[in-house]
Amino acid sequence: MRFATNKANKTPYSYYACSYYGQFGKGTCSMHYIRYDVLYQAVLERLQYWAKAV
């Protein structure tokens, strides 16, 4: 995964994208990515879940 920031929008956002797609093109892999804020929230929620369980 590679980290990038989209500054073209009115509100820029950061994301992780498939580096394999970037290197070899759409013939080998589909373009997929996850926004940093979505990933951060998912990881935070999971850590909070496991912290409460302990």
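This is a predicted model: local features need pLDDT of at least 70, side-chain atom pairs count only at pLDDT 80 or more; totals for chains, interfaces and linings use all residues.
A disulfide is a pair of cysteine sulfur atoms within 2.5 Å.

View 1. The structure holds 0 disulfides. C18 takes part in none, and the cysteine sulfur nearest to its own, in C29, lies 3.7 Å away.

**View 2. The hairpin of β1 and β2.** Here strand β1 (residues 2-6) meets strand β2 (residues 13-17), and the two pair in the antiparallel sense over 5 bridges. Together β1 and β2 form a hairpin, with 6 residues between them. To find your way across the pair, look for F3, which stands opposite Y16 in β2. Another place to look is T5, whose bridge partner in β2 is S14.

**View 3. Two faces of β2, and a neighbour in β3.** Which residues of β2 are on its covered face, and which on its uncovered one? Y13, Y15 and A17 make up the covered face, while S14 and Y16 make up the uncovered one. Strand β2 also pairs with β3, in the antiparallel sense and over 3 bridges. In this pairing, A17 has Y33 of β3 as its bridge partner.

**View 4. The loop residue K7.** Follow the chain into the loop between β1 and β2 and you will come to K7. This residue counts as exposed, at 67% relative accessibility. How far apart are K7 and V54? They are 47 residues apart in sequence and 40 Å apart in space, C-alpha to C-alpha.

View 5. M1, I34, V38, L39, V43 and L47 make a nonpolar surface patch of about 530 Å². Which element gives the patch its largest share? The answer is α2, with 4 residues. I34, by contrast, is found in strand β3 (residues 33-35). I34 is partly exposed, with a relative accessible area of 31%, so it passes the patch requirement of over 30%.

**View 6. The salt bridge of D37 and R35.** How many salt bridges does a search of the whole structure find? It finds 1. The partners are D37 and R35, whose closest N and O atoms are 3.2 Å apart. D37 counts as partly exposed, at 40% relative accessibility, and R35 is partly exposed as well, with a relative accessible area of 32%.

View 7. The protein averages a pLDDT of 90, and 100% of the residues score at least 70. Where is confidence lowest, and where is it highest? The lowest mean, 79, belongs to helix α1 (residues 19-24), and the highest, 97, to helix α2 (residues 36-53).

Key: Residues are numbered from 1 along each chain as its sequence is written. Side-chain values use heavy atoms; hydrogens and water are left out. pLDDT is the predictor's confidence in each residue, from 0 to 100. Two strands pair if DSSP finds at least two bridges between them. Patches are made of residues with over 30% relative accessible area and no salt bridge: like charges are joined within 9 Å, nonpolar side chains (Val, Leu, Ile, Met, Phe, Trp, Tyr) within 5 Å. Accessible areas come from the Shrake-Rupley method with a 1.4 Å probe; for residues, only the protein chains shown count as cover. A salt bridge is a side-chain nitrogen of Lys or Arg within 4 Å of a carboxyl oxygen of Asp or Glu. Buried means under 20% relative accessible area, exposed over 50%, partly exposed in between (1.4 Å probe, protein chains only).
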